[in-house]
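Please examine the sequence and the three-dimensional structure shown below. The briefing that follows is arranged by topic.

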Amino acid sequence: MAQEDVFKKIVSHCKEYGFVFPSSDIYDGLAAVYDYGQNGVELKNNIKEYWWKSMVLLHENIVGIDSAIFMHPTIWKASGHVDAFNDPLIDNRDSKKRYRADNLIEDQIAKYDEKIDKEVAKARKRFGDAFDESQFRQTNARVMEYQQKRDALHERYTRAMQGPDLAELKQIIIDEEIVDPISGTKNWTDVRQFNLMFSTEMGASADGAMKVYLRPETAQGIFVNYLNVQKTGRMKVPFGIAQIGKAFRNEIVARQFIFRMREFEQMEMQFFVKPGTELDWFANWKQTRMKWHQTLGFGAENYRFHDHEKLAHYANAATDIEFRMPFGFKEVEGIHSRTNFDLSQHEKYCGKQIKYFDPQTNESYTPYVIETSIGVDRMFLSVMCHSYEEEKLDNGETRTVLHLPAALAPVKLAVLPLVKKDGLPEKAREIIDALKFHFNCQYDEKDTIGKRYRRQDAIGTPYCVTVDYDSLKDNTVTLRHRDTMAQERVNIADLNGIIEDKVSIASLLKQLQ
Ligand code: ATP
C-alpha cells in the first residue's frame with residue numbers, strides 16, 4: 001500500500017477509535033485544530049508521564065513548573081518573537097492557495113535528493129555486492145549533475161533565508177520553475193512575511209486594554225521563572241526546569257493532520273549550565289533524548305539527527321531528532337544550545353539582574369542554556385504511525401492492530417466474560433475491581449469473543465482475559481497477548497504480577513537508567 005494511503009488510514013483509524021477528532025466536528029471542523037478522544041487522551045497522558053518522569057524523577061537537578069499561557073507582552077519583544085517569529089508566505093493566484101515559500105523550496109531540494117537516491121538504488125540493484133556507493137556518487141554523471149544543482153540551490157536558499165531576502169525567495173521559486181501542486185501554474189504573488197503569534201486583548205475597556213499573545217512556545221515561561229525557581233529551590237548550576245503546556249502558532253499551511261497544528265502541546269526543558277560547558281552538555285542531551293525515543297522499541301533505523309547548518313543568531317549548536325513518518329523523516333524534537341541569549345534579553349528588557357552566583361568560585365554569570373523541545377502531538381503521531389498494522393492472518397483474514405508500547409497503551413487489560421449470564425459478568429467485574437487501582441481495565445461483554453479481541457487490538461490493548469465457566473470453579477482465566485495472539489491459562493491471583501510491571505511507565509524509565 002502506498003505510504004500516502006497508509007497515512008489516510010491512520011487518520012481515519014484515529015477518529016473511528018476515539019483517539020483524535022477534528023475540533024468542532026459537528027460544525028465541520030476548524031482548520032489545524034484537533035481534539036483528543038477517550039483513548040487519545042490516555043495515550044497522550046502516558047506520553048507526557050513518560051517524558052515528565054524521565055526529566056524530574058530521574059534527574060535530581062531538574063524540577064518542573066506550570067506557567068501561564070498569557071504573559072507580559074514585553075516578554076515576546078525581548079525573546080524576538082514580535083519582530084522575527086515570521087514565516088515567508090506566497091500565494092498562487094489561480095488556486096488561491098497559500099504556501100510557505102521556504103517549504104516550497106525545501107520540497108524542491110528534497111526532489112533532487114530523491115532523484116539521487118533513485119539512481120543509487122538502481123545502481124545497487126545492478127551491481128549487487130560489488131557496489132561501492134561513495135565511488136558511484138562521485139563519478140556517475142547524472143548523480144553529479146543532480147548533486148551540483150541541489151547544492152547550488154541549497155546555498156542560494158540558505159543565503160536568502162538569512163536576510164531574509166523575500167524578493168530572492170520568489171526569484172528562486174521562479175528560476176526553479178516550481179508549480180503550485182493544485183493549479184499546476186507558476187502564477188505566484190510576491191513573498192510576504194507573516195507573524196505566527198495569535199494576539200488578543202486583556203482588560204475591560206477598549207482604551208485600557210493591553211495586547212497580549214497566546215504563547216508560541218512554553219520556553220519563555222521557564223526563562224522568566226529562572227530566578228524564582230533557582231532561589232526558592234536552591235538550585236545549583238547545572239540544573240534544569242521542565243514544563244509541559246499548550247502553545248499556539250498561526251501556521252500558514254496546516255498539513256499532515258496533527259503534525260502541524262495551530263494549537264498544540266510542547267514538553268520543554270531548559271538546562272542552565274556554566275558558560276563554556278554548553279557544547280558538552282549539548283552532546284550529552286542529544287544522547288539522552290535519543291535514548292528516550294529509542295527505548296520505545298520502534299527501531300534505531302527510524303530515527304536520525306538532523307544537525308542544523310544554518311543556526312539562529314543566538315544558537316551555537318542545534319539539531320533535530322527526526323522520525324520516519326509515512327511522509328518521510330520529520331522533526332519530532334529540537335535540541336538547541338541557546339547560549340545566554342534569552343536570559344540576557346530579559347535582563348535588558350526588565351531591568352533586573354538575572355545571574356547565577358557560584359558559591360564555589362565566587363563568580364557571577366548569566367548561565368548558558370541547552371533546550372530540549374518536543375511536541376506532544378508529533379510524538380503521538382509517531383507512536384500511532386509506527387504502531388498501526390493491517391496484519392494478514394494465517395486464516396486469510398486481516399486484523400487491524402496497534403502495536404503500542406504497553407506502557408503507553410490507553411487500556412492495559414480488557415476483561416471479557418464468555419457469556420452475559422451464569423455469574424460470569426460478576427466474576428469479570430470482581431477481577432476489574434481488584435486490578436483497577438493498578439492500571440486501566442476495560443469491561444466488554446458485547447459480541448463474540450473474537451470481535452471483542454479485534455476491538456481491543458484496534459486500540460492497542462496489550463492484554464485480554466476471558467472469563468469462562470472453569471473460572472468459576474478454579475479461579476483461572478485465559479490470558480491473551482495482543483501481538484502474538486498467544487493464549488495461556490493463568491490464575492486470577494497471578495494477573496497483577498504478570499501484567500503490572502510490563503504496562504507501567506516505570507518499566508520504560510528503568511531502561512533509561
Ligand atoms: P517546524 O520547523 O516543523 O515548524 P519548529 O522548528 O518551528 O518546527 P520548534 O519551534 O523547535 O519547532 O518547536 C519544538 C517542537 O514543537 C517541534 O519539534 C515540534 O515537535 C513541536 N511543534 C512545533 N510547531 C508545531 C505545530 N504547529 N504543531 C505541532 N507541533 C509543533
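The points below concern domains, salt bridges and a surface patch.

This is a predicted model. The domain assignment divides the chain into domain 1 (1-71 + 210-381), domain 2 (86-195) and domain 3 (393-512). The structure holds 46 salt bridges, and several of them are described here.

**Domain 1 and domain 3**

- The C-alpha centres of domain 1 and domain 3 are 34 Å apart.
- In the contact between these two domains, 19 residues of domain 1 meet 18 residues of domain 3.
- The size of an interface is often expressed as the accessible area that is lost when the parts come together.
- For domain 1 and domain 3, the area buried between them is about 1,600 Å², and 76% of it lies on carbon and sulfur atoms.

- Side chains of opposite charge can pair when their charged atoms come close.
- Glutamate 390 and lysine 9 form a salt bridge, with their closest N and O atoms 3.3 Å apart.
- This pair joins distant parts of the chain: glutamate 390 belongs to strand E17 (residues 388-392) and lysine 9 to helix H1 (residues 3-16), 381 residues apart.
- Glutamate 390 is partly exposed, with a relative accessible area of 28%, and lysine 9 is also partly exposed, at 32%.

**Salt bridges within helices**

- Aspartate 457 and arginine 454 meet in a salt bridge with an N to O distance of 3.7 Å.
- Aspartate 457 and arginine 454 are separated by about one helical turn because they lie three residues apart in helix H15 (residues 449-459).
- Aspartate 457 is buried, at 0% relative accessibility, whereas arginine 454 is partly exposed, at 28%.
- Both residues belong to a network of salt bridges that links Glu391, Glu397, Arg399, Arg454, Asp457 and Arg480.
- In helix H16 (residues 469-474), lysine 473 and aspartate 470 are three residues apart, about one turn of the helix.
- The side chains of lysine 473 and aspartate 470 form a salt bridge (3.4 Å, N to O).
- Lysine 473 is exposed, with a relative accessible area of 69%, while aspartate 470 is partly exposed, at 37%.

**A nonpolar surface patch**

- Phe70, Met202 and Met210 make a nonpolar surface patch of about 250 Å².
- Methionine 202 lies in strand E7 (residues 199-202).
- Methionine 202 counts as partly exposed because its relative accessibility is 36%, a value between the limits of 20% for buried and 50% for exposed.

How values were computed:
Residues are numbered from 1 along each chain as its sequence is written. This is a predicted model: local features need pLDDT of at least 70, side-chain atom pairs count only at pLDDT 80 or more; totals for chains, interfaces and linings use all residues. Side-chain values use heavy atoms; hydrogens and water are left out. Patches are made of residues with over 30% relative accessible area and no salt bridge: like charges are joined within 9 Å, nonpolar side chains (Val, Leu, Ile, Met, Phe, Trp, Tyr) within 5 Å. Accessible areas come from the Shrake-Rupley method with a 1.4 Å probe; for residues, only the protein chains shown count as cover. A salt bridge is a side-chain nitrogen of Lys or Arg within 4 Å of a carboxyl oxygen of Asp or Glu. Helices (H or I, at least four residues) and strands (E, at least two) are DSSP runs, numbered from the N terminus. Buried means under 20% relative accessible area, exposed over 50%, partly exposed in between (1.4 Å probe, protein chains only). Domain bounds come from an automatic or database domain assignment. Contact means heavy atoms within 4.5 Å. Buried area is the accessible area (1.4 Å probe) that two parts lose on being put together, summed over both.
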